[in-house]
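Colleague: I would like to learn how to read a model of a protein chain, one feature at a time. Please give me the general idea before each case.

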Amino acid sequence: MSLAMARLALAQDAASLKKDMVGQWELATTERSKTCVITLKADAAPLGLKLELEPNCAKALPFAKDIAAWNVKGLDIVRLQDASGQPVIDFTEVESGIFEGVRQNEGVYILQNLAAARSLAKSMDQMIGDWAMVRNSGQIVCGLTLTNTDAGQDNFQVFLKPKCDPLVTAFAPTRWRLEHGQMLLMSDKGETWQFEADDNAQWRLVPDSADPLLMMRQ
């Protein structure tokens with residue numbers, strides 16, 4: 001590929017990303033304890049493109065007060081920038097519709113399509129509470145409580161109730177999260193159990209077995 005063609009391909013990718021980014025986004029800490037809605041626009045602004053921040057943004061995320069415009073830099077960097085065009089925070093896409101950026105000495109922030117972020121939050125809220133692990137026979141092998149208490153790295157705390165089956169106490173899950181439609185239970189030993197939804201109130205351990213283990217809402 002010639003240099004001119006390569007430059008044209010890069011320009012087309014950047015233009016496509018600019019078009020895809022127009023709309024409403026949630027800017028948030030990784031555990032979503034602090035959030036801010038940003039509307040990215042296609043209209044030109046000095047040194048970039050226009051955006052709107054909802055009124056509570058600077059209160060939730062103090063660095064948001066410096067954000068004056070947005071732009072796409074290079075091939076795939078979405079930049080929220082100040083009035084002089086300097087980066088306030090740069091984001092790169094880590095999975096479809098989810099962008100990650102780092103502010104030095106502050107940590108990681110997530111930029112996510114607003115509708116998807118609110119859908120995930122609703123799903124999370126529906127999961128919080130008491131559950132039972134049940135064998136297909138109907139025998140309850142353990143009770144546990146899923147919480148919305150932050151456990152780091154987008155995980156939340158889970159607590160086992162007394163008198164669990166040795167299989168579950170040996171696993172000893174301490175954290176949980178939703179990921180790509182699955183519920184993950186994780187132990188401090190690095191072990192993970194994955195559950196897929198049968199319906200809103202019942203999840204099944206995968207891969208399946210002859211005597212499947214289910215998570216049922218209590």
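Modeller: Start with pairing: two strands pair if DSSP finds at least two bridges between them. Helices (H or I, at least four residues) and strands (E, at least two) are themselves DSSP runs, numbered from the N terminus. This is a predicted model, in which local features need pLDDT of at least 70 and side-chain atom pairs count only at pLDDT 80 or more, while totals for chains, interfaces and linings use all residues. Residues are numbered from 1 along each chain as its sequence is written, and side-chain values use heavy atoms, with hydrogens and water left out.

Colleague: Which residue in β12 stands opposite glutamine 157?

Modeller: Arginine 175 does. The strands concerned are β11 (residues 155-160) and β12, which pair in the antiparallel sense over two bridges.

Colleague: How many bridges join β12 and β13?

Modeller: Six, again in the antiparallel sense, with β13 covering residues 182-187.

Colleague: How do I read whether a strand is covered?

Modeller: Count its buried residues, where buried means under 20% relative accessible area, exposed over 50%, and partly exposed in between (1.4 Å probe, protein chains only). Strand β12 (residues 173-179) is mostly covered, as five of its seven residues are buried.

Colleague: Why is β13 described as largely enclosed by the rest of the structure?

Modeller: Because six of its six residues are buried. Both faces of β13 are covered: Gln182, Leu184 and Met186 lie on one side, and Met183, Leu185 and Ser187 on the other.

Colleague: What should I make of phi values and peptide bonds?

Modeller: Most residues other than glycine have a negative phi, and most peptide bonds are trans. Glutamine 153 has a positive phi near 55 degrees. It sits in the loop between β10 (140-152) and β11, and it is exposed, with a relative accessible area of 72%. Alanine 172 also has a positive phi, of about 55 degrees, although it is not a glycine. Its loop runs between α4 (166-171) and β12, and at a relative accessible area of 29% alanine 172 is partly exposed.

Colleague: Is the peptide bond from valine 206 to proline 207 cis or trans?

Modeller: It is cis, with omega near -5 degrees. Proline 207 lies in the loop between β15 and β16 (213-217).

Colleague: How do I read the surroundings of a single residue?

Modeller: List its contacts, a contact being heavy atoms within 4.5 Å. Take glutamine 202, in strand β15 (residues 202-206). Leaving aside neighbours within four places in sequence, glutamine 202 touches Glu196, Ala197, Leu214, Met215 and Met216. It counts as buried because its relative accessibility is 18%.

Colleague: Which residues is glycine 97 in contact with, leaving aside its neighbours within four places in sequence?

Modeller: They are Trp25, Leu111, Gln112 and Asn113. Glycine 97 belongs to the loop between β6 (87-95) and β7 (98-103).

Colleague: How do I read the chain as a whole?

Modeller: Begin with the inventory: the chain has four helices and 16 strands. The C-alpha trace spans about 65 × 45 × 30 Å along its principal axes. Of the 218 residues, 39% count as buried. Among contacts between residues at least 6 apart in sequence, 34% join residues at least 24 apart.
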